[in-house]
Amino acid sequence: MKKLLVAATLGLAAPAAAYADCGEVSITEMNWASAAVVTNVSKFLMEQGYGCDVTVVPSSTVPSLASVSETGKPDIVTELWINGAPSYNALQEAGTIVTLGDVLSDGGVEGWWIPTYLVEAHPELATVEGVLANPELLDSRFHNCPDGWGCKNINAALAEAFDLEGNGFEVFQHGSGETMATSIAAAFENQEPWIGYYWAPTSVLGKYPMTLVDLGPHDPEVHACNADPECETAGKSSYPVGPVKTVVTTTFQEENPDIAAMMANVSFTNAQMGEVLAWQEANNASAEEAAVHFLSNNSDVWSGWISEEAKGKLAALIK
Amino acid sequence: MAIYDGIFKTLGLSDWCATEDTGGPMTMAELLAQANNGGGEAAADAPAPATPLLETPFPSLDTLHKSCGSIPRTRDMTSAVEEGFLNVKDGLKVVLDPLTQPLSWLLDWSLSAFQATPWFIMIPLLMLLTYYASRSWSVLALVTGSFVFMAFIDHYNYAIQTLSIIFVCTIFCVALGVPIGIAMSKSNTMQRITIPILDMLQTLPTFVYLIPLIFLFSVTESKLYGIAIILYAIVPVIRLTDLGIRLVDKDVIEAADAFGMNSWQKLTGVQIPLALPNIMAGINQTIMMSLAMVVIASLVSAPGLGVLVLRGINNLELGVGLVSGFCIVLLAVLLDRSTKAALGRINASEK
């Protein structure tokens, strides 16, 4: 252990010499668990493989895009959930940003979730019909997203289409994501019923096993209408798999094509990300340690993302 | 192995320490070390140079854990705190839940009463109340103008919800705060104990105690935001009641003693009336502080103008945020002016 500590102090001093061609890069770190892992892994690869000087900007979906459109910074926005970012299309069309690729290759899974222990006890709750027929098994309360989240409008429309209130449910709107996550945790601690909106991959769903309620088939047109607060005819449609992208500013892509090419390759499957998040939860680890866990155990995955030159620099870690 | 190994050896604790592994998740520094040493294996085999004196780490839990596996890491400590809370939560719930239930009832009841009253009754009622409290035409004009303006821009409902929450929370703050302040003024020990608690209430980030509270009560209970507002806003009324009573002239107390007043008569007949300007100033500050908590309370699902501010922030709808923020300021100004005018009348009647 001492050797490692000492080596660490040497190691920290060494990269300073490597900052040669890449320069300064700023990258967002969204305020949820999987994004922190993506950012820390990307930061490591950019610093150690390409010699960049990386600044991490803590942010979240809407503010990060607003900052990009107003100031052209940060250079890289990663784990951008397109469904929750209304300004994405405008920026894309205006040519301010370039989409590099899917950072979560399976996409994000959104929908209505129920604790798995409830579904095991009452298998009929796995479908929306079963849910509607048994409000008393679910505390008669549906947990909706806070005002200002894209999912709030969709859930409100779905609640209307499925007539949640007519079936004896009360739609409770949370004030913030924190209380939503805590209400799930509290339900699990007391083994109480819970039904509401959430999304994966997240550390909440990594820690607490939950089952997605089958809302029937997905209809893009109905879904678009549900998402639009102006559209009045609410319909039934499940959530599509949400694309989760990495985008960079156009100027950054022109100036640093090889970094952009590498970031385009950074992509996790839900299984990989789920494994990392579960490990992080089990070990009480920080996001940085989770990134290290991924980097030290999945060199076959990330070695495919980086250039030959970077592979040379990181050869010691590739097994 | 690690830097503090020697200490544990001299203390003869090696056996106790050796029971558990000293490993932990690999840190970024260790990974960097591997990357820069041209292979993890080679680095591990190399002889370890001594750590320079200047880089000696502080003997924190994490550092000591590297030398001695039996010492818990900081993350073990925090998860033990979590465990501990989860273990006592059922007991706490039995006590706290019924105790705080009246708050939920009152908040819900007042919210529905405020909202059920139609605007053409509510606004004149508020005007009447303002005039009765302040006897000032300018304050009355301000209150009327503000409410008509908020109603005109469709913010009346939200403003009334906010007003109802502040109304209930202020009642609780006064009902609890004034007796606590009186107790503080009577006993120096009580004052010494209470002041650090008051300091803590004013500085503790709200979510630090709100998140554990969600484990105790359902997140849908209105008392969650009630507690958040009251804990923050009760402080000035306690402090200023204490101060007001302590500032009552010693000669006046002596005179009261000479008349043979008992301590209850002294308190109600002499001290509280003389301290009333200070107590009212405390109530005024309490109202201002509960308004300051409106946005944070909306994070735990409080209705009202705070919801609009949050929507403005979340969606980057600058206009929504600015207008609702302005309405909160308007409410603050009119509540401040009305209570100040009422305070002015009390002061004038004292002279």
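This is a predicted model: local features need pLDDT of at least 70, side-chain atom pairs count only at pLDDT 80 or more; totals for chains, interfaces and linings use all residues.
Mentor: Residues are numbered from 1 along each chain as its sequence is written, chains are lettered from A and ligands numbered from 1 in the order in which they are written, and side-chain values use heavy atoms, with hydrogens and water left out.

Trainee: What span should helix H8 of chain A have?

Mentor: Helices are DSSP runs of H or I, at least four residues, and strands are E runs of at least two, numbered from the N terminus. The expected span is 1.5 Å times one less than the number of residues. With 12 residues (150–161), H8(A) should span 16 Å, and its end C-alpha atoms are 17 Å apart, which agrees.

Trainee: Which residues of H8(A) are buried?

Mentor: Buried means under 20% relative accessible area, exposed over 50%, partly exposed in between (1.4 Å probe, protein chains only). Cys151(A), Lys152(A), Ile154(A), Asn155(A), Ala157(A), Leu158(A) and Ala159(A) are buried. Their packing partners include strand E5 (109–115) and helix H11 (220–227) of chain A.

Trainee: How do H8(A) and H11(A) cross?

Mentor: Axes are lines fitted to C-alpha atoms, for helices over the stretch in contact (heavy atoms within 4.5 Å), and angles run from 0 to 180 degrees between N-to-C directions. Angles under 35 degrees count as roughly parallel, over 145 as roughly antiparallel, 65 to 115 as roughly perpendicular and the rest as oblique. Here the axes come within 7 Å and cross at roughly 110°, so the two helices are roughly perpendicular.
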